[in-house]
Amino acid sequence: VTGPTGSSGDGLCRLLALWPVSSSMADPFILSLRESRHSSLVGGKAAGLSKLLDAGIAVPDGLCVTTALYHHCLDQARVDAASLWSKLRLLSEEPRAQEQARIQQLIAQQPWPPGFQAELEMRLATLAGDAPTLWAVRSSATNEDAAGMSAAGLYRTTLGVPLAAVLRSIRDCWISVWDERVCQYLFRSGADVPYPAMAVVIQPMLHAQVAGVAYSIHPVTGRTSQVSINAVPGLACSLVSGEVTPDQYVVEVRDEDHRPFRVRRRVLARKQKKLTVTSVGV
């Protein structure tokens, strides 16, 4: 086993310092996106990005703070997630809100493991190189981008984050697991749906001219031959949050005659503003 910066014994000590001591010693707290293959450890989003990188798609490289650290935080706070999700399902609105707030406060109060902050900052500095870099800190829950659940827009993602605020944004992702909208999503999905754990993707910000969301299965008709795309000028967080009306496209990607891709539907929205990245943030 080697450390993240080489094969020295010092690198090994740093890496071991990031592993939970109360659970499996095989689960690191930080992985590169290229190493992020198992969705139970890195969530659906990070696992999907890893596959894109393997396929040679132009994806910004980054890091994944794994679910092992999220579970470590819950263990420190003495939060039994499985029992609490069962309890929340039975509570009425007001007592459930009180319990959610209690859990979120506990998560906010937990200290970081020794050595974690220094290791994370070192690895982000290596990714950034000499250029000043702002970061996208993105949720990657275990029920995001999954085969049976998308969880689109449920969890917290923060864009244009300076290095000094990355830790706070990671914690915000964890806290968002216990929001009421997540509870409602899970409760509607059925009693046998496993409760989510949160990993966090950290990537350099892109200066996007256009951004959006694509569904590989049409979300209304369920057709697997059509990709539905919603797009806005600039960054897509205002689209994901539901604050703006996007342009909408339906693209036919497969039919019996094997014809090339073609746009079957195009609806253009009126645009008055866009969200962009500046030197100080979004």
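Predicted model: local features only at pLDDT ≥ 70, side-chain atom pairs only at ≥ 80, totals over all residues.

Colleague: How many cavities of 30 Å³ or more does a search of the whole structure find?

Modeller: One. On a 1 Å grid over the protein atoms alone, a cavity is a set of points where a 1.4 Å probe fits but cannot get out. The largest cavity holds about 30 Å³ of space, a volume being the space filled by probe spheres set on the points, with grid points joined across faces, edges and corners.

Colleague: Which residues line the largest cavity?

Modeller: Leu69, His72, Cys73, Gln76, Gln110, Pro111, Trp112, Pro113, Arg171 and Trp174, where lining means having an atom within 4 Å of a point. Helices (H or I, at least four residues) and strands (E, at least two) are DSSP runs, numbered from the N terminus.

Colleague: And how does that lining split by class?

Modeller: Six nonpolar, three polar and one charged. Here Ala, Val, Leu, Ile, Met, Phe, Trp, Tyr, Cys and Pro count as nonpolar, Asp, Glu, Lys and Arg as charged, and the others, Gly among them, as polar.

Colleague: Helix 7 came up there. Is helix 7 largely enclosed or largely open?

Modeller: Nine of its eleven residues are buried, so helix 7 is largely enclosed by the rest of the structure. Buried means under 20% relative accessible area, exposed over 50%, and partly exposed in between (1.4 Å probe, protein chains only). Among the buried ones are Ile170, Arg171 and Trp174.

Colleague: Switching topic: which residues touch the most other members of the largest nonpolar core?

Modeller: Leu120, Ile170 and Trp178, out of 56 residues. A nonpolar core is a set of buried Ala, Val, Leu, Ile, Met, Phe, Trp, Tyr and Cys residues joined through side-chain atoms within 4.5 Å.

Colleague: What does Trp178 touch?

Modeller: Not counting residues up to four places away in sequence, Trp178 touches Tyr70, Ala81, Leu84, Trp85, Leu88, Gln100, Ile103, Gln104 and Ile107. Contact means heavy atoms within 4.5 Å.

Colleague: OK, how many salt bridges does the structure hold?

Modeller: Nine, each a side-chain nitrogen of Lys or Arg within 4 Å of a carboxyl oxygen of Asp or Glu. One of them joins Glu99 and Lys87 (3.5 Å, N to O). Glu99 sits in helix 5 (residues 93-109) and Lys87 in helix 4 (residues 81-90), so the pair ties together parts twelve residues apart in sequence. Glu99 is buried at 10% relative accessibility, while Lys87 is partly exposed at 40%. Lys87, Glu99 and Arg102 are linked in a network of salt bridges.

Colleague: Where's Arg264, and what does it pair with?

Modeller: Arg264 forms a salt bridge with Glu252, with the closest N and O atoms 2.8 Å apart. Arg264 is in strand 9 and Glu252 in strand 8, twelve residues apart. Arg264 is partly exposed at 47%, and Glu252 is buried at 6%.

Colleague: Last one: what's the phi of Arg78?

Modeller: Near 55°, a positive value in a residue other than glycine. Most residues other than glycine have a negative phi. Arg78 lies in the loop between helix 3 and helix 4, and counts as exposed at 78% relative accessibility.

Conventions
Residues numbered from 1 in each chain as written. Heavy atoms only, no water. 1 Å grid on protein atoms, 1.4 Å probe; cavity = no way out; pocket = protein on both sides within 12 Å on 5 of 7 lines; lining within 4 Å.
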